[in-house]
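I opened the model and kept short notes on what I looked up. The entries follow in the order I made them.

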Amino acid sequence: MKQKMFALLPGDRRQAALCALLEDAGCTVQLLPPPEQWGRENLPPPGTVIPVANATAALRDRCAALGFRLLEYGRRPDFMAENGAVTAENALRVAMEEGRLLRGSRALVIGWGNIGKPLALLLRAAGADTAVSARRGVHRAQIAALGLRPARTDALEALLPTRDLVFNTVPAPVLGRAQLELLPPEAAVIDLASAPGGVDLDAARECGRRALPALALPGRMTPRPAAEAILHAVCAALEEDPDGA
């Protein structure tokens, strides 16, 4: 890696893991306070790379004014795919910590994206009867071609009574009271979607269904592999554009 100077903003356990990975690669890493607490006397030199998933406009302006290279990796396809695979493995761990066996379960994955795809394949490999819902017909065709059971995300009513393990990856309302009441009483619902999520957690409690919000699993459960996904994306970005043009 040609770039040797990095600075990291506060975050979760991934930040400490990323710091260690960068230092192992021979880089100098400075841990910064939140931007509103920056003082010029403690800042790294211009040209320092600051990797963040997604930056605010204020952070972009501040970094530009100080000559830092702000590297946003959160929407890079390579990062989203690798981070999605890490999330999918952790989702299975959440289910098993709830006392669920994957083998023989009747699983439903809602969404065919960066988390839904690897999650569905892992469930099938573990012996689960796996259905996957998607809004687009082309995605349902892909699901069927892989030997999984396709369903429409906006028409789950006939499928829900047959599912005892549900993973939602869609960050929009998909499981409200009407849908949750169709699930078997013993069903578990794990909501992996970013805020605001896709499961009505209050309705789940009221109708006696087990629903778990499971946000930011990579940082909470497997920080080093999650940090490796960040590092891979950062290295690829620097190779593509070494000078930050």
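**Whole chain**

I began with contacts (heavy atoms within 4.5 Å). Of the contacts in the chain with a separation of 6 or more, 55% are between residues 24 or more positions apart. The model is predicted, so I noted the rules: local features need pLDDT of at least 70, side-chain atom pairs count only at pLDDT 80 or more, and totals for chains, interfaces and linings use all residues. Residues are numbered from 1 along each chain as its sequence is written, and side-chain values use heavy atoms, with hydrogens and water left out.

I looked up the secondary structure next and found nine helices and 10 strands. These are DSSP runs, numbered from the N terminus: helices are H or I with at least four residues, strands are E with at least two. The C-alpha trace spans about 60 × 35 × 30 Å along its principal axes. Of the 245 residues in the chain, 48% are buried. Buried means under 20% relative accessible area, exposed means over 50%, and partly exposed lies in between (1.4 Å probe, protein chains only).

**Strands**

I checked S1 (residues 5–8) for side-chain direction. Met5 and Ala7 point one way, Phe6 and Leu8 point the other way, and all are buried. S1 runs parallel to S2 (residues 28–31), joined by four bridges. Leu8 has Leu31 as its bridge partner in S2.

Then I traced the open sheet. Its six strands come in the order S7-S6-S5-S8-S9-S10, with parallel pairing. Two strands pair if DSSP finds at least two bridges between them. S7 (149–152) and S10 (210–213) are the edge strands, each pairing on one side only. On average, neighbouring strands of this sheet are turned by 20° against each other, direction ignored. Ala188 is bridged to Arg210 of S10.

H3 packs on this sheet and touches S8 (165–168), S9 and S10; the direction of H3 makes about 145° with that of S8. H4 (residues 116–125) lies across S5 (106–110), S6 (129–134) and S8, and runs at about 170° to S5. Axes here are lines fitted to C-alpha atoms, for helices over the stretch in contact, and angles run from 0 to 180 degrees between N-to-C directions.

**Helix pairs**

Two packed helices are described by the angle between their axes and the distance between the axes. I looked up two pairs.

H1 (residues 13–24) packs on H9 (residues 223–240) at about 60°, with the axes 8 Å apart. H1 is therefore oblique to H9. The cut-offs: under 35 degrees is roughly parallel, over 145 roughly antiparallel, 65 to 115 roughly perpendicular, and the rest oblique. On the H1 side, the contact includes Ala17, Leu18, Leu21 and Leu22; on the H9 side, it includes Ala226, Ala227, Ile230 and Leu231. By class, the contact of H1 with H9 has nine nonpolar, no polar and four charged residues. Ala, Val, Leu, Ile, Met, Phe, Trp, Tyr, Cys and Pro count as nonpolar, Asp, Glu, Lys and Arg as charged, and the others, Gly among them, as polar.

For H3 (residues 77–97), I found that its axis comes within 9 Å of that of H9, and the two cross at roughly 170°. H3 is therefore roughly antiparallel to H9. Among the contact residues are Phe79, Asn83 and Val86 of H3 and Ala229, Ala233 and Ala236 of H9. The residues of this contact divide into seven nonpolar, two polar and three charged.

**Single residues**

Is Asn83 buried or exposed? Asn83 is buried, at 16% relative accessible area. Not counting residues up to four places away in sequence, Asn83 touches Arg14, Pro218 and Ala229.

Met221 is in H8 (residues 217–221). Met221 is buried too, at 15%. Leaving aside neighbours within four places in sequence, Met221 is in contact with Asn90, Arg93, Val94 and Glu97. Met221 and Arg93 are 128 residues apart in sequence but 9.1 Å apart in space, C-alpha to C-alpha.

Last, I went through the loops. A cis peptide bond joins Ala195 and Pro196, with omega about 10°. Pro196 sits in the loop between S9 and H7 (201–206). Ala216 has a positive phi of about 55° although it is not a glycine. Ala216 lies in the loop between S10 and H8 and is partly exposed at 43% relative accessibility.
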